[in-house]
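Here are my notes for you on this model, as a few numbered points. Please keep the structure open beside them as you read.

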Amino acid sequence: MTGIIVLNKPEGITSFRAIAILRRILNEKKIGHSGTLDPMATGVMTVLAGGATRFCELLPSHDKAYEATLKLGITTDTLDITGEVTNTRQVTSTAEDFRKACDGFKGEITQVPPMYSAVSVNGRRLYDLAREGKEVERPERQVTIYKLEVTDVNEEENEYKIYVECSSGTYIRTLIADIGEVLGCGAVLTKLNRVKANGFNISEAVTIEELEEAAKDGSLQLMSVDKALSEYPEVTVSEAQAKRFSNGGELSLERVKNCKAKGLYRVYGPDGKFLGIGDNDGSENLNVKRVYVG
């Protein structure tokens, strides 16, 4: 079964477990996803099945959006509420102080990945090292916070909700911990919902229960790969060109219409069949980036 599912991952299971459940529902061994969510996190998880897995890295719009809840005055080893408390501090900052602190994190910022993360250092996952009680130096990374808005305030309980639009690779746990340090009291993530990823919105996402029900009544349908790649312009080629492209051969740009600008293109045969992604890299040919095998 080939196609794409925009899953609304539930709280309490790992992304790996979610994929295992979908393998059973779809009866498809070859399944991947475009971005991990922590067990406590919910929301948009783009899942690719069958031949769609070959296009994972080509999914457009790797920016993401989150709704997060946090609490001031606490720090943990995981930077979220599931971890062991490492410190508690008195909170003297006001809601206005919190808003000002958030403003300081808009734009391009530097983050250090948390120890409890899937980043590899010297061939080892950080979370494996963390579980062994080890802490190692982590490389800094540049990320971009496009939007950071305070959406709800409970000043009495020191609890806040924020909406974040950010570049791929941004750790919301780290963002919240850094805001807490600026305020001098620490902070932990208590709830996280990814509401946008790969150009898909939470309103388009389906639950595991909905997928199971659709599989039972025979109505289960996956999103086509080319629809998920609709950000790329399309070109239609001749029957002979379609055969060559499908066999991994490049196409002369002189003989491909509407393909003058550099970039990636969705390639279709004369019958409208999606063939894959071609790459105009500025040479004389449209090179094969990925061939679609349905």
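**Notes on the model**

1. Let me begin with Y292, which is partly exposed at a relative accessible area of 23%. On the scale used here, buried is under 20% relative accessible area, exposed is over 50%, and partly exposed lies in between, with a 1.4 Å probe and protein chains only. Y292 forms an aromatic pair with F274, at 5.3 Å centre to centre and with 50 degrees between the planes, so the pair is tilted. For such pairs, the rings of Phe, Tyr and Trp (its six-membered ring) must have centres within 6.5 Å; planes under 30 degrees apart are stacked, those over 60 are edge-to-face, and the rest are tilted. The pair joins distant parts of the chain, F274 in strand β17 (residues 274-280) and Y292 in the segment after β18, 18 residues apart. F274 itself is buried, at 7% relative accessibility.

2. A word on the ground rules: this is a predicted model, in which local features need pLDDT of at least 70 and side-chain atom pairs count only at pLDDT 80 or more, while totals for chains, interfaces and linings use all residues. Residues are numbered from 1 along each chain as its sequence is written, and side-chain values use heavy atoms, with hydrogens and water left out. Helices (H or I, at least four residues) and strands (E, at least two) are DSSP runs, numbered from the N terminus.

3. How many aromatic pairs does the structure hold? There are 5 aromatic pairs. One of them is F55 with Y292, again tilted, with 6.2 Å centre to centre and 50 degrees between the planes. Its partners lie 237 residues apart: F55 is in the loop between β3 (41-49) and β4 (64-72), and Y292 follows β18 (285-291). F55 is buried, with 0% relative accessibility. Ring pairs connect F55, Y268, F274 and Y292 as a cluster.

4. Strand β12 (residues 187-197) deserves a look, as 8 of its 11 residues are buried. Strands are said to pair if DSSP finds at least two bridges between them. β12 pairs with β3 in the parallel sense over 3 bridges, with N193 of β12 as the bridge partner of T42. With β4, β12 runs antiparallel, and 9 bridges join the two; here K64 is opposite A197.

5. On to the hairpin that β12 makes with β13, which has 2 residues between the strands. The two strands run antiparallel, and 2 bridges join β12 to β13 (residues 200-201). K196 stands opposite N201 of β13. In the turn, N198 has a positive phi of about 55 degrees.

6. Which residues of helix α2 (residues 95-103) are buried? They are A95, F98, A101 and C102. Seen down the axis of α2, these fall within an arc of 120 degrees, so they line one face of the helix. The arc is taken over the directions from the helix axis to the C-beta atoms. Their cover includes β4, β10, β11 and α4 (172-183), where contact means heavy atoms within 4.5 Å.

7. Just after the helix, G218 takes a positive phi of about 80 degrees.

8. Lastly, two loop positions. N158 sits in the loop between β10 (141-154) and β11 (159-166), and is buried at 19% relative accessibility. Apart from neighbours within four places in sequence, N158 is in contact with L70, K71, L72 and V91. G12 lies in the loop between β1 and α1. Is G12 buried or exposed? G12 is exposed, with a relative accessible area of 57%.
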